[in-house]
Structure formats: C-alpha cells, structure tokens
Amino acid sequence: MHPSATSVLERSHVTISGATGPNKPTIVFLHGLGGDQSDWRLVAPHFEDQYQVVLMDLIGAGQSDQSAYQPTAKHGSLAGHADDLLQVLSALALHDVVFVGHSVASMIGVIAAVREPERFSKMVLVSPSPRFINENGYAGGFEQKDINELLAAMEGDYNGWSHGFAPVMMGQNESPELVMGLTNSFVRTNPEIAKHFARVTFFSDTRAELGFLTIPTLIVQSAHDIIAPLAVGTYINEQLADSRLKVIETGGHCPHLSAPQQTLSAMDHFLHHETVL
C-alpha cells in the first residue's frame, strides 16, 4: 500500500514557499548529515521570486517523522533516502526540478536522478562525496581507521563529538554563530539515528552511479574542505557526462553557510547563463 501524498509530505516535513503558478519552475533543497532544512536559510529565500521552493528534512532529521526511520531496512543505504525524495516529488507531481543537495544529500539526489531522470532538469551538488574512504587510485579524504575512530567517538560521547566535529565541518575560522548553529543541529538530532546515518554515510560508495547521471550538474566545492577535499570534487567533475566545477574560496564543508553569496552567484550563473564564472 502506497502512502498518501499528505502523509509523504508530513513524514518529510515538506515546506513550500515562493512563486506559484503552472509555469513556475521548482527548486528542491536537501540537507546533509546532522542538519535539517534550516541549513538552507541563507540560500533558499533568494530563489522565491522565480521558483517554487521546496524544503524537506531527511527522515530521522529535523521535524520529520522519526518513527518512519527504518535502520535495518529502508534506511540501511542511501537508496532508501533516495526513495523518500522521489516519493516527495511524486506526491507533489513534480518533474524537471532543480535539485540542490549538500554533502551526502548530493549523492542521494544523484541516486534518485539516475532512477527517475525525468523528475530533474538540473543538479547542484554542494560539497559532494561519492566515497569518503581512500582506495587505490581514489582519494576520498579518509583512511578506514579514521572513519572507525570517528564513529567510535560518536558512539562513546555523542554530545562531546558534536561539539568537536561541528567546527571541523563548518571551518575553524568561521563565525562562532555558524559553528554553534551546526553544533546545536547535531545535538538536536536523535543520537541513535545520527550514529546510524553517519555509519551509512561514511561507508557509502556511490561512484558507480556517477556514470549514469546525464543531467546538467554544478559541483560547488570549498577550496579548503577536510571532509570532501578538492580532489573529490575534481573526481566527480571528471566522471559526470555534463558537469562544471566551481571552487569557492572558503573553508569547511558548508559553503552555503560560510560563503552564501559566492554559492548563490555560482548557482545563478549555472541556472540562468549555463556557465559558471
């Protein structure tokens, strides 16, 4: 039995703003690990004049239905979250959307777009990574032992880990307000769901999906990102059939928060001029 459109939208805490009307395009934003839809607060409002803006929470995050998170079944892989995204697009009868995803949500969007390409017109991948762990010939940024230690730290003291990891993710030199906002977002997340989703995220490998994505794509990459280094953005750009890479001179893993104007500039050029300056 398929869930009703209303239940799908409530489950993912979908919020809609901006332009309405039959000919208005839609832009959909999806946040990454430890965040929620408020992560887009410095970017999404910019598009409300021209787009119907759809924000949603990953199941298990933000104000989504926590009870819908299925760790041993659906949400044991990123494909389950891609299913959630596609169900939201189906419930809203959306096609040809602009999808904007951060970090792991970028790859959730890629999986969804490979599965149902007609629902997407353009992709914006902010700090994406198809695999975080280094492998022969591939530099993901982490050794296996690094990820094991990170997950062990989460397991041992989630609150303490949140306060330590947020500055690394946001960028050590960013404003205390941004770092505290991200810290609070981690702390608000159900620790058991956060730890499980982190394991799914850091052990995922979606490199094989990249060769099947034909939708025009912008990769927005921080110049100084420990979580998804520049080599990862370059790798994705090389693997995709139709992509362009914009490197933003900022630190951390969240350019949409640390450098929103530069991020918006890159997105505007991509969406309206086909080139990225």
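**Aromatic pairs and the sheet in a predicted model**

The count comes to eleven aromatic pairs, taking rings of Phe, Tyr and Trp (its six-membered ring) as paired if their centres lie within 6.5 Å, with planes under 30 degrees apart called stacked, over 60 edge-to-face and the rest tilted. This is a predicted model, so local features need pLDDT of at least 70 and side-chain atom pairs count only at pLDDT 80 or more, while totals for chains, interfaces and linings use all residues. Residues are numbered from 1 along each chain as its sequence is written, and side-chain values use heavy atoms, with hydrogens and water left out.

One of the pairs is Tyr138 with Tyr235, edge-to-face at 5.0 Å centre to centre and 75° between the planes. This pair links distant parts of the chain, 97 residues apart: Tyr138 sits in the loop between strand 5 (120-126) and helix 4 (144-156), and Tyr235 in helix 9 (residues 230-239). Helices (H or I, at least four residues) and strands (E, at least two) are DSSP runs, numbered from the N terminus. Both Tyr138 and Tyr235 are buried, that is, under 20% relative accessible area, where exposed is over 50% and partly exposed in between (1.4 Å probe, protein chains only). Arg207 also comes in here, lying over the face of Tyr138 at 4.8 Å from the ring centre; for such a charge, NZ of Lys or CZ of Arg has to be within 6 Å of the ring centre and within 35 degrees of the ring normal. Lys122 does likewise over Phe270, at 5.1 Å from the ring centre.

Phe165 and Phe186 have ring centres 6.1 Å apart and planes at 75°, so this pair too is edge-to-face. Phe165 lies in helix 5 (residues 158-170) and Phe186 in helix 6 (residues 176-188), so the pair ties together parts 21 residues apart in sequence. Phe165 and Phe186 are both buried. Elsewhere, ring pairs join Phe29, Trp40, Phe47 and Tyr51 into a cluster.

Seven strands make an open sheet with mixed pairing, in the order 1-3-2-4-5-6-7; two strands pair if DSSP finds at least two bridges between them. Strand 1 (15-18) and strand 7 (243-251) are at the edges with a single partner strand each, so one side of each is left without a neighbour in the sheet. Strand 4 (residues 97-102) and strand 5 run parallel and are joined by six bridges. Within strand 5, Leu125 is the bridge partner of Gly101.
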